[in-house]
Amino acid sequence: MAALGEDFLAFGRSARAYSALIDGKLIGVDQRERLERASPATGRPVSIYPRATDADVQGAIKAARRAADLRRWAAVPGAERSRLILRVAGLIDKHREELGLIECLEGGKPISAVDGEIQGSIDLWEYAATLARHMYGDTHDQLGEQTMGLVFREPIGVVGMITPWNFPLLIASQKLPFALAAGCCAVLKPSEFTSGTTLRLGELLLEAGLPDGVVNVIAGDGPTAGRPLCESAAVDMISFTGSTRVGKEIRTFGDSLKRISLELGGKSAHIVCADADLDAAAAAVVQGVTINAGQCCVAGSRLLVERSVAEAFCERVVDKMRALRVGDPTDTATQIGPLINDAQFQRVTSYVRRGIEEGATLLLGDDQPQADGYFVSPVVFDKVNPEMAIAQEEIFGPVLSVLRFDSADEAIAIANGTRYGLAAGVWTRSLDKAFHFARRLNAGTVEVNTYLAGAPELPLSGYGDSGLGHEKSRFALDEFTRVKTVQLKFGHA
């Protein structure tokens with residue numbers, strides 16, 4: 001991104017007001033109680049959202065239910081759905097700088113990094129648009145001379161989507177365009193900490209020409225807006241991204257049986273073998289644990305390194321992490337911004353203290369910044385035992401735990417030794433070794449000689465406490481659709 005100009009400076013001088021979207025109508029902050037968001041870097045208010053009332057939540061659900069029952073979107077030909085989804089992608093592209101600035105101010109993301117996330121969101125909308133024209137059923141014409149069976153793939157109906165604060169637009173884009181491609185309607189509730197880009201997305205959907213009620217976007221917290229959405233019998237599916245604790249709670253909400261898709265926490269392992277390209281691996285390890293200040297579900301927070309190269313590799317990693325610049329996210333030179341809020345700051349710093357108390361060796365992180373805001377410099381612990389809390393529990397901060405191994409099978413056992421199974425990275429020049437790891441690691445995604453590469457064409461899923469179901473790729477249509485059997489009996493000619 002180019003150097004920041006006056007437009008950016010003006011954008012951030014005062015808190016910006018946003019509107020909710022319910023049944024095709026915008027609801028501004030002057031019509032509701034205000035929900036205020038302050039910058040995690042400065043504490044200064046940057047955004048104001050209209051807090052959804054219970055009537056708003058129920059109104060959004062009713063609007064989506066009515067649109068689904070009237071087939072306002074499901075009956076639209078796939079080609080037309082595809083074109084509208086592409087229009088949304090174009091509008092995100094048109095407003096990419098604005099959307100990036102919102103995420104920088106609300107979430108503390110370095111301004112140098114946000115454009116990549118906006119591009120990732122655009123890519124997801126563009127890919128999902130292709131699926132609207134490629135949703136297939138099945139035929140069975142070998143059931144008898146006068147019998148034929150048809151299998152229809154139909155949209156599941158109304159999807160309640162609850163998204164987290166760490167990648168607001170990107171994660172909404174892993175859900176919403178795929179549901180729209182399948183013909184679903186939706187109620188979307190972003191985190192109350194970073195609602196800005198999602199509320200703006202609602203306005204862009206209106207501009208693109210989406211029929212009233214097909215997508216509704218509300219702002220509010222979990223208990224007053226998220227839970228009623230999960231409990232409603234009028235909602236056919238819940239798609240949630242967030243903590244494992246909340247994901248487990250969601251499964252108990254409400255009396256109706258509804259489909260639930262959960263993308264939850266992780267404790268991903270980066271496995272570095274002695275035969276790897278150590279420079280490339282070190283760069284990826286650093287990026288994998290410090291992206292978004294470590295507040296990333298697929299962050300590679302455990303480094304498993306082969307013992308024969310462990311000392312040299314750790315030196316590479318520490319040198320690279322020490323060079324990272326922590327500070328003001330609006331500064332183009334900043335590489336790591338603040339944590340999202342005080343609760344997360346307290347969580348991360350408490351784990352650092354616990355790692356020291358449990359006997360891990362602190363290689364980096366004893367010179368934390370003394371600035372205002374929720375800033376934490378990268379932390380590296382060496383000689384970590386697999387049983388330690390810092391090796392077992394999701395910290396959600398730039399904290400790396402180093403564990404050593406002597407054989408591939410030992411590394412696999414350590415990597416699989418947590419309750420999570422979201423992602424893993426493997427670094428080796430041996431194709432045989434790479435597949436040995438890939439087949440045996442309990443992780444929804446295994447990346448070999450790369451990390452955080454991702455692609456809209458590839459699904460995101462988790463093992464164990466990392467979730468249920470999957471997002472992205474053509475397999476996302478399985479999540480947002482159900483199959484219907486139609487069997488026909490023909491008379492004699």
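**Note on the sheet, its helices and the salt bridges**

1. The buried residues of helix H14 pack against strand E13 (269-272), strand E14 (302-306), strand E17 (399-405) and helix H15 (431-440), where contact means heavy atoms within 4.5 Å. Helices (H or I, at least four residues) and strands (E, at least two) are DSSP runs, numbered from the N terminus. This is a predicted model, in which local features need pLDDT of at least 70 and side-chain atom pairs count only at pLDDT 80 or more, whereas totals for chains, interfaces and linings use all residues. Residues are numbered from 1 along each chain as its sequence is written, and side-chain values use heavy atoms, with hydrogens and water left out.

2. Within H14 (residues 408-415), the buried residues are Ala411, Ile412, Ile414 and Ala415; buried means under 20% relative accessible area, exposed over 50%, and partly exposed in between (1.4 Å probe, protein chains only). These residues lie on the same side of H14 because they cover an arc of only 165° around the axis, the arc being that of the directions from the helix axis to the C-beta atoms.

3. Seven strands form an open sheet of mixed pairing, in the order E15-E16-E17-E14-E13-E19-E20, and two strands pair if DSSP finds at least two bridges between them. Strand E15 (361-364) and strand E20 (445-448) are the edge strands, each pairing on one side only. E15 and strand E16 (residues 379-382) run antiparallel and are joined by three bridges, and threonine 361 has aspartate 382 in E16 as its bridge partner.

4. Helix H11 (residues 310-322) packs on this sheet, touching E13, E14, E15, E16 and E17, and its direction makes about 50° with that of E15. Helix H12 (residues 342-357) also packs on the sheet, touching E15, E16 and E17, with its direction at about 25° to that of E16. For these angles, axes are lines fitted to C-alpha atoms, for helices over the stretch in contact, and angles run from 0 to 180 degrees between N-to-C directions.

5. A salt bridge is a side-chain nitrogen of Lys or Arg within 4 Å of a carboxyl oxygen of Asp or Glu, and by this rule the count comes to 30. Glutamate 154 forms one with lysine 484, the closest N and O atoms being 3.2 Å apart. Glutamate 154 lies in strand E7 (residues 147-155) and lysine 484 in strand E25 (residues 481-489), so the pair ties together parts that are 330 residues apart in sequence.
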